[in-house]
Amino acid sequence: MRAAVQAISLDLATAEVTAALAREGIDSVLLKGPATVRWLYADDPDRRTYVDIDLLVAPDAFGSAENVLESCGFRPGLGRLRAVEREWMPVTPWEREGSAPAQVDLHRGFHGIRDFQAFWSVMTAHTDELAVQRRAVRVPDAAGCALIVTLHDTAVARTAKAIEDLMRAFARFDDATWAEAARRAEACGAAESFALGLSHHPAGRELAARLDLPVQLSASVVARDLAAPGDDPAPAAAAALLLERFEDAPRWPERARIVLNIVFPSADHLRAHRPLARRGWLGLAVVRLTWPFSLIARAPRVLRLVRRARRTTADHSSAG
């Protein structure tokens, strides 16, 4: 009953937010939630629950979409981050409390996507419509759903829900649909992540072989797969992020800027990651002073994973 009430509340918020975006001329695509239920859980819709709203907008409309969410009573879950902290983020969480609570994950990308604009193009080139609380919203077509559930299973902290989604997708979609999903992954720089998602399952490995998908993965993609079940996923996530940002910034001045921002983050970044920083200026000052030392304490584990990912990539390249 609680899940059903939550789904209705989220669907009402979905209709509200997509309508508000449309009034401002902002197109959007509902990536998961009811879209996933439609494609993969038609036989048992109540089985697939969801706790937030995943909306994709064009990268150049991202800031305007955030303003619309704010006008609807949502507040940024991570606060007001610096531009350098936001530029790599594919998604930002927005939260609304009160009588109509909801969380919107506003996307301009997704797990493993390296080209946000290309992702928007491939996701909007072929969409379907789905009625959510009597409002027609755009959702991914079959190949788009296959792409999303495969990339979702490449998160550092993999979930049972993401695994079941992908297993159902293997049973639901034919090879032609998967081939189109692979083509779209290639178009937006996510071919390696797509291959990683498939590699987690025997059916996916057989599919990858039939489609002749790449098996050579970059270090940043390999690092996302280094957190063993039950381990703290944070070090692997940090290693993957550091490698990815360094791959996108090959020059040392750009890399120095990234490192400086990690060591001296914004106040809102500290508030988002340390509860003490939310307790007034004194708590924030304590966290800011101790933050570099906490990085030093975590650095050996993260750097070991960075080296391991690079070594794995080099070994695979040599074997190839």
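**Labels and their cut-offs**

Tutor: We can start with H111, which sits in the loop between β5 (102-107) and α5 (116-125). Helices (H or I, at least four residues) and strands (E, at least two) are DSSP runs, numbered from the N terminus. The model is predicted, so local features need pLDDT of at least 70 and side-chain atom pairs pLDDT 80 or more, while totals for chains, interfaces and linings use all residues. Residues are numbered from 1 along each chain as its sequence is written, and side-chain values use heavy atoms, with hydrogens and water left out.

Student: Why is H111 called partly exposed?

Tutor: Buried means under 20% relative accessible area, exposed means over 50%, and partly exposed is in between (1.4 Å probe, protein chains only). H111 has 32% relative accessibility and therefore counts as partly exposed.

Student: How far apart are H111 and T36 in sequence and in space?

Tutor: They are 75 residues apart in sequence and 16 Å apart in space, C-alpha to C-alpha.

Student: What makes R114 and E244 a salt bridge?

Tutor: The term requires a side-chain nitrogen of Lys or Arg within 4 Å of a carboxyl oxygen of Asp or Glu. For R114 and E244 the N to O value is 4.0 Å, and the pair is listed as a salt bridge. This pair links distant parts of the chain, 130 residues apart: R114 is in the loop between β5 and α5, and E244 is in helix α12 (residues 234-248). R114 is partly exposed because its relative accessibility is 31%, and E244 is partly exposed because its value is 23%. A search of the whole structure finds 18 salt bridges.

Student: Is D153 buried or exposed, and why?

Tutor: D153 is at 0% relative accessibility, so it counts as buried. D153 forms a salt bridge with R158, with the closest N and O atoms 3.1 Å apart. R158 is at 33%, so R158 counts as partly exposed.

Student: Where do R168 and E164 lie, and what joins their side chains?

Tutor: Both lie in helix α7 (residues 160-172), four residues apart, about one turn of the helix. An α-helix has 3.6 residues a turn, so residues three or four places apart point the same way. D43, R47, E164 and R168 are linked in a network of salt bridges.

Student: How do you know that the buried residues of α10 are on the same side?

Tutor: The buried residues of helix α10 (residues 202-211) are G204, L207 and A208. They cover an arc of only 100 degrees around the axis, which puts them on the same side of α10; the arc is that of the directions from the helix axis to the C-beta atoms. On the other side of α10, P202, A209 and R210 are exposed.

Student: What makes L276, W281, L282 and V286 a nonpolar surface patch?

Tutor: Patches are made of residues with over 30% relative accessible area and no salt bridge; like charges are joined within 9 Å, and nonpolar side chains (Val, Leu, Ile, Met, Phe, Trp, Tyr) within 5 Å. V286, in helix α15, has a relative accessible area of 36% and is therefore partly exposed. The patch made by L276, W281, L282 and V286 is about 440 Å².

Methods:
Accessible areas come from the Shrake-Rupley method with a 1.4 Å probe; for residues, only the protein chains shown count as cover.
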